[in-house]
Amino acid sequence: MTLEDHPVGTPAIGLSIVVPVYRGAATVGRLVEALSVLRPAGGIEIILVNDGSPDDSGDVCRRLAETATVPLTYIEHARNFGEHNAVMTGLRHARGAYVINMDDDLQNPPEEVIRLYDHARLGGWDVVYTRYAKKEHEGWRNLGSRFANWVADQLMDKPKGLYLSSFRCMSALVVQQVTRYSGPYPYIDGLIMQVTQRIASIEVAHYAREEGQSNYTMRRLIRLWLNLATNFSVLPLRLAIFAGAGMGALGFLLAIFVVVEAFFRETPSGWASSMTLMLLIAGVQFLILGVMGEYVGRAFLSANGKPQGVVREVIHPRETAVQE
């Protein structure tokens, strides 16, 4: 039976694996090999999304598409759009009743895939995240992840204490709703929280990186935080209002102090205190303008049709690999 023989509206495959590929030429082959031996209920497919990788990941993925023993779809972005954008592209090509997305660096253990899938499928969960007893990342990256999760706790309607991992399993219902977002700044976890609260987590192993260095730089993490803060909450704008009100109240109190001092002392306060107050107020004003500018800029780029991702090439699964 081929995939096309399944009834319309019924997921053709039990589990889809979406893997964004960036500088993954040395590891993606081993990942595909490990995933290909898995036998999840309903079958498996693999979707590789090359997000403008500067190495020869594209050539490696094309060879994998030719030799894969399971259905494998290869998608190539015209340039680098970012991890969440690449995952969104992969989700749109996924046909599984459940979809797992994982990194290409083998830090997410392929042997944990079945357990993650079964936990979601048998437990009736819409989304299952993974958490790690010990993360094998650099110290600054772990701090960045903890900070991102703390920000998410403050800004998003998510279960308290839930760790937002990129190694997650989603039902087809959630995938369908998440992929309706067409803006240029996707944040998948924020989109998930808008769809469902039927969310669980399980603890899995986390391995040290075998090849190369993390593709996440401080700049990428800051962009991720901005996507989280400005796409799914108006709290930063509200904080800006409170900051402005606080500085206005402080300025009013200091103005009273200056007037009183002028009446009872021969000379008012000196230049240093005036400059301190001016710089403090100016700093808060620029902070408020920056927050507002970030919102306006994102709205402008979205209205101008900035793409979420541009697909250059799609290689569909070979017919021989689609047979059950």
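Me: Does α1 pass α2 in a left-handed or a right-handed crossing?
Reply: The model is predicted. In it, helix α1 (residues 28-36) and helix α2 (residues 57-67) pack with their axes 10 Å apart. The way in which α1 passes α2 makes the crossing right-handed.

Me: What is the orientation of α1 and α2 to each other?
Reply: The two helices, α1 and α2, pack at an angle of about 25°. Angles under 35 degrees count as roughly parallel. The orientation of α1 and α2 is therefore roughly parallel.

Me: How many nonpolar residues does the contact of α1 with α2 have?
Reply: On the α1 side the contact is made by Val-28, Gly-29 and Val-32, and on the α2 side by Val-60, Cys-61 and Leu-64. By class, this contact of α1 with α2 holds no charged residues and one polar residue, and its nonpolar residues number five.

Me: How many disulfides does the count give?
Reply: A disulfide requires a pair of cysteine sulfur atoms within 2.5 Å. Cys-61 is buried, with a relative accessible area of 0%, and Cys-169 is likewise buried at 0%. By the distance rule, the number of disulfides is zero.

Me: How many of the eight residues of helix α7 are buried?
Reply: Helix α7 spans residues 188-195 and is mostly covered. Its buried residues are Ile-188, Asp-189, Gly-190, Leu-191, Ile-192 and Met-193. The cover over these residues includes α3 (83-93), β5 (127-132), β6 (168-171), α6 (172-178) and β7 (199-204). Of the eight residues in α7, the number buried is six.

Me: What is the orientation of α3 and α7 to each other?
Reply: Helices α3 and α7 pack at an angle of about 55°, and their axes are 10 Å apart. Angles under 35 degrees count as roughly parallel, and 65 to 115 as roughly perpendicular. The orientation of α3 and α7 is therefore oblique.

Me: How many charged residues are there in the contact of α3 with α7?
Reply: His-84, Val-87 and Met-88 of α3 meet Ile-188, Asp-189 and Leu-191 of α7. The residues of this contact include four nonpolar and one polar, and the number of charged residues is one.

Me: Is Leu-106 buried or exposed?
Reply: Leu-106 lies in the loop between β4 (96-101) and α4 (113-123). Its phi is near 70°, a positive value in a residue other than glycine. A residue is buried under 20% relative accessible area. Leu-106 has a relative accessibility of 9% and therefore counts as buried.

Me: What is the phi of Arg-23?
Reply: Most residues other than glycine have a negative phi. Arg-23 is found in the loop between β1 (13-21) and α1. Although Arg-23 is not a glycine, its phi is positive, at about 55°.

Me: What distance separates the C-alpha atoms of Val-204 and Ala-133?
Reply: Val-204 is placed in strand β7 and counts as buried, at 5% relative accessibility. Leaving aside neighbours within four places in sequence, Val-204 is in contact with several residues, among them Thr-130, Tyr-132, Ala-133 and Phe-167. Val-204 and Ala-133 are 71 residues apart along the chain, yet the separation of their C-alpha atoms is 7.4 Å.

Me: What percentage of the residues in the chain is buried?
Reply: The chain contains eleven helices and eight strands. Among its contacts with a separation of 6 or more, 84% are accounted for by residues 24 or more positions apart. Of the 324 residues in the chain, the buried share is 47%.

Technical notes: Residues are numbered from 1 along each chain as its sequence is written. This is a predicted model: local features need pLDDT of at least 70, side-chain atom pairs count only at pLDDT 80 or more; totals for chains, interfaces and linings use all residues. Side-chain values use heavy atoms; hydrogens and water are left out. Buried means under 20% relative accessible area, exposed over 50%, partly exposed in between (1.4 Å probe, protein chains only). Axes are lines fitted to C-alpha atoms, for helices over the stretch in contact, and angles run from 0 to 180 degrees between N-to-C directions. Helices (H or I, at least four residues) and strands (E, at least two) are DSSP runs, numbered from the N terminus. Angles under 35 degrees count as roughly parallel, over 145 as roughly antiparallel, 65 to 115 as roughly perpendicular and the rest as oblique. A crossing is left-handed if the near helix is turned anticlockwise from the far one by less than a right angle, and right-handed if clockwise. Contact means heavy atoms within 4.5 Å. Ala, Val, Leu, Ile, Met, Phe, Trp, Tyr, Cys and Pro count as nonpolar, Asp, Glu, Lys and Arg as charged, and the others, Gly among them, as polar.
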